[in-house]
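Student: I would like to go through the terms used for this model and see what each one rests on.
Tutor: Then ask about them one at a time.

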Amino acid sequence: MPFYHTVSDDELPHIQHLYHVRNSRLFIKDLEYILKHYRPVDLHQLTEHIEGDKLLPEKSFFLSFDDGLSECYSIIAPILKQKGIPATFFLNSDFVDNKGLMFRYKSSLLISHLQKSESAEKLLRHKFKEHKLPFRNTKESLLSVRWNQETLLDEIGEECGMDFDNFLKEKKPYLTTPQIVEMISDGFTFGSHSQNHPTYNKLSPDKQIEQTVLSQEFLCKNFGLDYKAFAFPFTDSGVSAAFFERILKDENFQLTFGGAGLKNEKIKGQLQRFGMEKESPQDAKQQIHSEYCYYLIKSIFGKNVIRRD
Ligand SMILES: [Zn+2]
């Protein structure tokens, strides 16, 4: 289950300091390798397999994309359609239609904006001190800001003339409602990815449920979805078994997804994917090969299965 965020032939200042984005040529190369060795399955086939033990085609793969970025519509969907590959897109409900910007993207934008400025470090040092946070250098410090410290990024943006609202309005980095509607009519499936991308193990159990249920409710209500799927923002590490009990049983989500790499889960309905946008870019062949190698090594020590309290 490989997953990506986006694919772009242009530099994306809101992402370039976070992870390595594939260009369309490399993305197509990935897909061609994967298609040569694996059969694509969609979310519904995967659900039937997990819920009803219906067999999947031998050597199958499930493709998904997180964060609902606009290139999913402009670049990714046309390529997938052409190749006949189904996929699921996981969205943050607060950001659909460019209503808001994820805090990590703010960090990356600020780095792009400030890295060459000599006076920036002085301002940042001051702002970090005000927020009682350690300052090292522009890039490292901006990347160390967490979800609950987002106001710091907003304040820095305001003081250094980086207008996030204007960026949203001009660049439209996220998918819009009409684009999502068109993708659904093309057969793509959608799931939730929380409201605004927090780290779940830093939230209270109630807030974890709220972020999940409300973001899914937004999708079901606005796009008439009759299924529920959720992918964790950042990591599901440290999320308790009680969360899955609520979401998969009481709230009737069919599937939930993590991004911990090739691993097995004790919890039925929770599946692990592996990210394709590693810092040192590898092609699909190398990446899938190393996932299997890690899996085998972990299995020797019994670390290939995730157990939860
Ligand atoms: Zn995400």
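Student: Why is H193 called buried?
Tutor: The model is predicted. In it, H193 has a relative accessible area of 1%; buried means under 20%, so H193 counts as buried.

Student: What makes D67, H193 and H197 donors of the zinc ion?
Tutor: A donor is an N, O or S atom within 2.8 Å of the metal. D67 (OD), H193 (NE2) and H197 (NE2) lie 2.0 to 2.1 Å from the zinc ion, so these atoms meet the cut-off. Along the sequence, the spacing of the donor residues is D-x125-H-x3-H. D67 sits in the loop between β4 (64–66) and α3, and H193 in the loop between β6 and α10, so this pair ties together parts 126 residues apart in sequence.

Student: Is D67 buried or exposed?
Tutor: D67 counts as buried, because its relative accessibility is 3% and the limit is under 20%.

Student: Why does T199 count as buried?
Tutor: T199 has 14% relative accessibility, so it counts as buried under the 20% limit. T199 belongs to the loop between β6 (189–192) and α10 (205–223). Beyond its neighbours within four places in sequence, T199 contacts R146, F234 and T235.

Student: Which residues have the most contacts inside the largest nonpolar core?
Tutor: They are F27, L63, F65, L80, F89, F190 and F257, in a core of 44 residues. Helix α3 (residues 71–83) supplies the largest share of this core, 6 residues.

Definitions and conventions. Residues are numbered from 1 along each chain as its sequence is written. This is a predicted model: local features need pLDDT of at least 70, side-chain atom pairs count only at pLDDT 80 or more; totals for chains, interfaces and linings use all residues. Side-chain values use heavy atoms; hydrogens and water are left out. A nonpolar core is a set of buried Ala, Val, Leu, Ile, Met, Phe, Trp, Tyr and Cys residues joined through side-chain atoms within 4.5 Å. Buried means under 20% relative accessible area, exposed over 50%, partly exposed in between (1.4 Å probe, protein chains only). Helices (H or I, at least four residues) and strands (E, at least two) are DSSP runs, numbered from the N terminus. Contact means heavy atoms within 4.5 Å. Donors are N, O and S atoms within 2.8 Å of the metal (3.2 Å for Na, K and Ca); water is not among the atoms, so sites may look incomplete.
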